[in-house]
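Subject: Structure handover

Hi,

Here is the structure for you to take over. Please open it first, then read the notes below.

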Amino acid sequence: MALSNEHIKQRLVEKFGDQVSGFEEPYGMLTFEAPREMNLKVLNFLYDDAELKFRFLTDITGVHYPDKTGQELAVVYHLHNLEDNVRIRFKVFANVNQPDVYTATGLFSAANWMERETFDFFGINFVGHPNLKRILNVEEMDYFPLRKEFPLEDQTRIDKDDEMFGRG
Amino acid sequence: MTCEKLLGVKTPKRVDYLRVIIMELARIADHLICNSIVGVDAGAYTGFLYVMQYRELIYEIYEEVCGARLTTNIGRIGGFERNFNDIAFQKLEKFLKEYPAVLKEFENLFQRNRIFMERTMGTGAISAERALNYGFTGPNLRAAGVDFDLRVHSPYSSYEDFQFNIPVGTTGDNYDRWLVRNQEMWQSLSIIEQAYQKVQEFKGAEAEVYHADVPEYYLPPKADVYTKMEALIWHFKIIMGETEIPAGEVYHSIEAANGELGFYLISDGGRSPYRLHFRRPCFVYYQAFEELIKGSMLSDAIMTMSSLNLIAGELDA
């Protein structure tokens, strides 16, 4: 029997009650969120459950939402159940002043570098990570380049008028 | 293709088949280099020089199609920038005619070569379980015995129309990785033949289709811009940023030559994505290198590294 999104949602709600929330299905992929202290519990449950079996970690990445006060940084996990070929997306949100999230390296070896990359670009502090250092940027860097505080275009240029580009 | 998923653009069959040709050619070009480099690291330089000639031929096909050789840039939302020309098809035919004999000879040089076998068998091995835990995908995972291929499991670009096998290894060592890649090249060749046949079956106006009918995301040909009102309007709108992409988030992945190449895109409307993240297969499985080489000889480490097929440009994308 193929695993339906509805069923996954039901199992999660049974287990965690109202702590898992924000269920959505953009383009067919079940997406939900949980408080950041819960991330390992949820990942463990998804991994160990005899029905769900989300045992393949596809991707970890971060997103910065400067407007969401107290929940500025998101960590997004993409998980894959290879047997039933179902993917889900799981998010936790953290405060930008104290972005502590538990590491998933105990569960997935693949999480090691993915978390280092996320730390490198967003400054998310993965608690318990064996070697949380910058991985792609130079070590002397003292900021996190993919946070939204850095505008896309060079602000010192004056020859570009936003009005003329339909963005005024 | 991620954008197409976000926008709900349906591509015509001919576009899908042409894309399959391009993607499988890329797979052959990649595997050729990887497998011959493993040979170079074992001291067999001949194979590398020999197959390079045919990688060159693949580049020439690309050159005819889009002008670039390595960094192919013909893909557009909904199709291609322009149609393939006749020379591209002629070169493709030449490739399809000559390449099987070359691949056979390349295979003969290595596959049952005693020195090569002794150097590669049992080195850099990984179990299926560890490979999955490390997030392996593509040929490296299949060499460890897991039959996971996105072309079959979640087909994109009409891969479901083709008949092909997924080669799977057992031990996950360097030799199995070599065998899997080698066999995949034969399969790719057969896919290209099928796709080319399907492309030739289109008749009349259908045989000229090279993009979907989505004028709002697609720059019209320059000649039309000067002569047709509608094309001029679309040209203006696209260049001046008046076309918008719906807000949403989407993850799409394809079976690239190295494994699952994923694109995670968050759009908040407007012209540029809010967040775009690539899942690069190389980056994910390079972590396992430390575990793969532990306790083996230094010379084996070099071969293991080439047989994992790490592409620097992919690592830090």
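Confidence comes first, since this is a predicted model. Chain A has a mean pLDDT of 85. In that chain, 90% of the residues reach 70 or more. Strand β4 (residues 73–81) of chain A has the highest confidence in the chain, at 91. Strand β1 (residues 21–24) of chain A has the lowest, at a mean of 85.

Next, the contact between the chains. Chain A puts in 23 residues and chain B puts in 26 residues. On the chain A side, two elements give two or more residues each: β3 (56–64) and α3 (111–122) of chain A. By type, the chain A side splits into 12 nonpolar, 7 polar and 4 charged residues.

Now the core. The largest nonpolar core holds 103 residues. Those touching the most other members are A:V75, A:L79, A:I124, B:I21, B:L25 and B:A131. Helix α2 (residues 13–41) of chain B supplies the largest share of this core, 13 residues.

A:I124 is worth a look on screen. What does A:I124 touch, leaving out residues up to four places away in sequence? The list is A:G62, A:L73, A:V75, A:A94, A:P99, A:V101, A:T118 and A:F119. One of these, A:V75, is also among the core residues that touch the most other members.

Chain B has an open sheet of 3 strands, in the order β3-β4-β5, with antiparallel pairing. Why do β3 (248–256) and β5 (275–279) of chain B each have one side without a neighbour in the sheet? Both stand at the edges, so each has a single partner strand. From one strand to the next, the twist averages 10 degrees. Strand β4 (residues 259–267) of chain B is joined to β5(B) by 5 bridges, and the two run antiparallel. For a landmark in β5(B), find B:R275, which stands opposite B:I266.

Last, one residue in a chain B helix. B:E60 lies in helix α3 (residues 46–66) of chain B. Is B:E60 buried, exposed or partly exposed? B:E60 has 17 C-beta neighbours inside 10 Å, so B:E60 counts as partly exposed. A residue needs 20 or more to be buried, and 12 or fewer to be exposed. B:L70 is 10 residues from B:E60 in sequence. In space, the two are 9.9 Å apart, C-alpha to C-alpha.

Over to you.

Definitions and conventions. Residues numbered from 1 in each chain as written. Chains lettered and ligands numbered in written order. Predicted model: local features only at pLDDT ≥ 70, side-chain atom pairs only at ≥ 80, totals over all residues. Contact = placed C-beta atoms within 7 Å. Helix = DSSP H or I, 4+ residues; strand = E, 2+ residues; numbered from the N terminus. Nonpolar A, V, L, I, M, F, W, Y, C, P; charged D, E, K, R; others polar. Pairing = 2+ DSSP bridges. Axes fitted to C-alpha atoms, helices over the stretch in contact; angles between N-to-C directions. Core = buried A, V, L, I, M, F, W, Y, C linked by C-beta atoms within 7 Å. pLDDT = per-residue confidence, 0-100.
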